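Have a look and see whether you read it the same way.

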Amino acid sequence: MRTIRPLLAAVVAALAFASALLLGAAPASAHDVAESTTPANGARVAEVPASVSITFNNQPLAIGSGVTVTAGGENWADGAVEIIDNRAVQKLRQGAPAGEYTVVWRVVSSDSHPIEGTFKFTVSGTSTTTASGSAGASSPAPAAVPTAGTAAPGTENTEPAPAASQPFPWSIVGLAVVAIGLVIFLAVTARKKLAAPNDPGGENSPE
């Protein structure tokens, strides 16, 4: 019984250590999320804004990012999307009409994982975007949205299979395996030492 208990204790300690390593690596692989949009999802504004934007919890990568702003069956996005700090900003062309707008965005998050989503807003007036217009003058303040693993309301994050887009933390697994092997080796060594006095063929056996 004395030889089994140290071995069981060693196995339990090794499993606990491996679990702590794997759980500790989990936050580093979390993907970015959209925290707010301008205009807010479902908002009604008086005039067409000069630009729309999506704010994230981290700064996304510029490569592979894109935003379309559709109204009346036409995309009113003007040029490429700009990444400014943790915001993806898309300017709109002049002459955009009043009505319902659908914004479809796609960015590459800071962990190189693509995420995407949509949101809508409605322009109730007849004013259109002008060259001197600015997002701050024509758009409401960003509306806060849930951040616990979700995107802005009305949006959707799509995540490809982990094997195709995110490397598995093999280094953490390797450390866990080494730790388990070391603990088992120590347990086996302790077991042999405990069993040595009872070995009839050993040096300590009575004559």
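A term to settle before the points: a residue is buried under 20% relative accessible area, exposed over 50%, and partly exposed in between. Keep in mind that this is a predicted model.

1. R93, at 26% relative accessibility, counts as partly exposed. Its side chain meets that of E74 in a salt bridge, 2.8 Å from N to O. E74 sits in strand 5 (residues 74-75) and R93 in the loop between strand 7 and strand 8 (99-108), so this pair ties together parts 19 residues apart in sequence. E74 is partly exposed too, with 36% relative accessibility.

2. Strand 6 pairs with strand 7 (residues 87-91) in the antiparallel sense, over 3 bridges. E82 has V89 in strand 7 as its bridge partner. The E82 side chain also forms a salt bridge with K91, at 4.0 Å from N to O. That distance deserves a second look, since the cut-off is within 4 Å. K91 is partly exposed at 44% relative accessibility, and E82 is partly exposed at 34%.

3. E116 belongs to strand 9 (residues 114-123) and R106 to strand 8, so the pair links parts 10 residues apart in sequence. The count of salt bridges comes to 3.

Terms used
Residues are numbered from 1 along each chain as its sequence is written. This is a predicted model: local features need pLDDT of at least 70, side-chain atom pairs count only at pLDDT 80 or more; totals for chains, interfaces and linings use all residues. Side-chain values use heavy atoms; hydrogens and water are left out. Two strands pair if DSSP finds at least two bridges between them. Helices (H or I, at least four residues) and strands (E, at least two) are DSSP runs, numbered from the N terminus. Buried means under 20% relative accessible area, exposed over 50%, partly exposed in between (1.4 Å probe, protein chains only).
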